[in-house]
Amino acid sequence: MANWLRISSRTVANHIKKRMNKEFMGGAVHVNQSSGLWWGLNRGGPVSDRNRRHMDPLAWNRATLLCVQRFKTTLAEKQHDSFLSSDSDDDNQSVDFPGGKVSYTSEMSFISESSQTRVPCYRVLEDDGDLISDCDFQQVSKEDAVKMYSNMVTLQIMDNIFYEAQRQGRISFYLTSAGEEAISIASAAALSEQDIILPQYREPGVLLWRGFTLQEFADQCFGNKADYGKGRQMPIHYGSKKHNFFTISSPIATQLPQAAGIAYSLKMDNKKACVVSYIGDGGTSEGDFHAGLNFAAVMEAPVIFFCRNNGWAISTNVSEQFRSDGIVVKGRAYGIRSIRVDGNDALAVYSAVSAAREMAINEQRPILIEALTYRVGHHSTSDDSTKYRQLDEIVYWKKARNPVNRFRNWVQNIGWWSEQQETQLRNSVRKQLLEAIQVAEKTEKPPLSELFTDVYDHPPSNLEEQEKHLRETVTRHPKDYPSDISV
Amino acid sequence: MLAIARQRMLGQSFKKILPAVSVLRSYSSAAKQITVREALNSALDEEMSADPKVFLMGEEVGEYQGAYKITKGLLEKYGPERVLDTPITEAGFTGIGVGAAYYGLKPVVEFMTFNFSMQAIDHIINSAAKSNYMSAGQISVPIVFRGPNGAAAGVGAQHSQCYAAWYASCPGLKVLSPYNSEDARGLLKAAIRDPDPVVFLENELLYGESFPVSDEVLDSSFCLPIGKAKIEREGKDVTITAFSKMAAEMLEKDGIYAEVINLRSIRPLDRSTINASVRKTNRLITVEEGFPQHGVGAEICASVVEESFSYLDAPVERIAGADVPMPYAANLERMAVPQVEDIVRAAKRACYRSVPLAATA
């Protein structure tokens with residue numbers, strides 16, 4: 001049984017890969033409600049009023065299936081008009097306005113506030129980890145798959161142990177990625193080292209994939225002198241230039257227009273790389289979400305906006321956050337190609353991000369990915385989510401819809417992972433983490449001089465004076481200062 | 001005789017900067033005159049030409065040639081990739097500018113007025129000013145935020161606030177405020193070349209004013225140091241500190257030899273020049289257009305009290321705008337902004353030539 005599965009999924013995968021390579025950028029629209037890859041390409045043409053009334057996405061897609069054209073940014077404007085002139089049904093006389101030609105109609109109809117069916121969600125694995133038959137996905141090598149799985153386990157254990165450390169008072173704060181391990185690891189796996197990451201704060205998995213060590217994570221959380229952030233920020237605010245991972249900044253959604261700006265720099269430099277910026281469902285309510293997406297579209301910047309829709313923004317449920325069909329539908333409002341993906345399906349996330357990256361770089365355009373998932377943990381160590389949601393809801397997602405278990409079933413069924421390796425890995429990671437924490441806890445805090453550096457490029461004279469003054473004071477009155485201040 | 005000549009000059013409209021006043025300043029071969037607008041435009045042009053990473057962004061900076069024509073001709077010369085007309089979202093384009101600076105470009109972001117910068121202030125402070133520190137030197141932000149600041153004429157409360165004190169209180173930022181064309185050129189070039197985020201506060205009413213500039217100032221390598229104030233006029237009776245437009249007003253005094261310091265740089269503040277001057281004159285008046293509480297004058301006063309207390313012969317006085325949102329009616333507006341007469345009276349008080357103010361609540 002397992003053999004058959006292996007062969008068929010591989011041949012299927014190869015077949016799909018060939019097809020995908022051919023029609024990747026093109027107009028292939030694969031309509032498969034439950035599990036297929038749904039590329040609802042924006043044809044750019046006007047929606048006739050009849051379609052508008054029904055808003056049946058299936059019907060519309062059948063029409064677009066017939067026009068398979070390569071979609072190039074530079075041709076977009078022209079396609080607008082040519083589509084219009086070739087379409088001869090409906091009362092299709094057009095009228096000119098700034099922004100282009102538009103057809104008019106004398107039947108008044110309002111575009112519905114929502115379509116009859118929600119945008120379907122792309123997934124490749126069933127909940128139990130079985131590969132869905134006849135699906136589209138980007139094949140993963142054994143090495144990558146094993147690394148992805150190991151990283152997901154490592155992230156899970158790291159979260160548990162650091163969370164406990166906070167509870168024990170050893171660090172002041174922590175927040176977990178519980179339930180979202182597939183998102184950060186699988187998306188990172190689909191990118192290259194040159195792609196620039198602007199995280200929100202629930203994506204340490206991306207850093208983990210890129211080689212950040214458990215010791216480096218621990219050092220930042222303890223704010224010691226080995227911390228790359230020199231003890232300047234709260235725990236989990238990681239940053240590493242060598243890993244192209246921008247230092248985490250607390251205000252929500254500010255990274256979105258910044259990402260568009262960085263992508264613009266990459267574009268000016270003609271780099272074969274893109275920017276990937278992460279945001280939660282709550283963050284999309286910020287003004288910066290609008291500015292970032294709108295700008296990226298106008299500037300044709302190679303940036304992937306990855307939204308982790310985990311259902312909760314601290315205690316605010318998505319039903320109180322927005323009235324749209326999630327985030328994916330907002331992409332079209334900005335002229336941005338978008339996809340909704342099952343965020344707990346590592347293979348689906350991997351495929352979607354791979355595809356998005358190709359489009360972003362080769363077509364120089366932004367892409368929006370909405371990954372549906374669930375925030376299993378509390379918002380942070382400062383939160384107790386049982387106060388605003390049901391305990392059995394949390395337990396359900398933790399047990400039955402766990403992304404780590406799901407992926408494990410897949411790698412095990414393929415024969416790339418075993419129970420023995422599982423036990424070994426978990427024990428080893430746990431041991432390493434406990435050691436890392438011990439080492440980080442014992443490491444000295446940053447020296448006094450680091451209080452004053454990096455405010456400016458060169459230290460100004462007033463800060464040099466203040467530092468000198470402070471050193472003198474500490475030396476003269478050692479009893480008034482803690483003993484672990486290294487002067 | 002000289003005092004009488006000065007008195008006559010005082011009779012002229014205080015809003016007009018008299019070219020004749022230039023004889024009081026010491027410039028080398030002051031042959032050419034350029035407006036502040038031309039000074040800013042030429043500074044931007046030269047820096048863009050010298051460094052391909054420098055680019056401009058803002059509302060109307062391109063096709064419209066700039067809301068105040070500061071960026072005139074630059075779109076034509078450098079193209080739309082280096083002069084970006086942005087949609088109307090200060091928060092958005094400031095965030096994008098900061099992002100571009102994170103990656104190594106050198107944006108010059110224009111705010112139509114600094115009043116609108118409040119919509120972007122989170123990006124200016126939390127994304128730009130603090131980034132180098134929070135990232136421990138991994139993220140530097142070589143960005144310049146520029147635009148008109150402070151009161152103009154008849155534009156009301158939401159277009160007249162001065163932001164010098166707000167931005168200057170934030171570590172990680174540098175805050176500059178030029179007065180004349182030489183300041184405008186030298187300081188803007190220094191700001192663009194500086195690796196730290198700089199807030200560059202211009203003044204709308206000065207854009208059209210001409211000032212003499214030497215050949216040295218016109219040279220493309222000209223640059224003024226950040227953090228150095230300029231003694232616009234030497235004196236001995238009282239020190240007057242001012243910046244931007246207020247610097248102009250202080251040059252007409254009657255009979256009092258005021259030493260006028262043009263701050264040029266609000267952060268870092270040139271405390272040594274200010275204190276050295278106070279130690280010479282023993283009296284200090286600070287002048288600014290903005291609101292009085294927690295203003296630039298308050299900081300200067302504290303600095304002088306900390307460092308030169310025993311040299312003071314009179315209490316430090318702050319002259320500032322009225323503690324009200326700027327009214328629109330011309331007569332009320334005039335009362336809300338410091339006038340030359342206010343400073344003259346303050347100077348006289350400091351020099352004990354009139355009855356001191358009764359204690360106010």
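**Exercise 1.** State how strand S4 (residues 275–280) and strand S5 (residues 303–309) of chain A pair, and over how many bridges.

*Solution.* Strands here are DSSP runs of E with at least two residues, and helices are runs of H or I with at least four, numbered from the N terminus. Two strands pair if DSSP finds at least two bridges between them. S4 and S5 of chain A pair in the parallel sense, over six bridges. One of the partners can be named: A:Val276 is bridged to A:Ile304 in S5(A).

The model is predicted, so local features need pLDDT of at least 70 and side-chain atom pairs pLDDT 80 or more, while totals for chains, interfaces and linings use all residues. Residues are numbered from 1 along each chain as written, chains are lettered from A and ligands numbered from 1 in written order, and side-chain values use heavy atoms, without hydrogens and water.

**Exercise 2.** Describe the five-stranded sheet of chain B and the helix across it.

*Solution.* The open sheet runs S9-S11-S10-S13-S14, with mixed pairing. S10 (residues 238–242) and S11 (residues 258–262) of chain B pair in the parallel sense over five bridges. Within this pair, B:Ala242 has B:Asn262 as its bridge partner. Helix H12 (residues 296–308) of chain B lies across S10, S13 (284–287) and S14 of chain B.

Conventions:
Contact means heavy atoms within 4.5 Å. Axes are lines fitted to C-alpha atoms, for helices over the stretch in contact, and angles run from 0 to 180 degrees between N-to-C directions.
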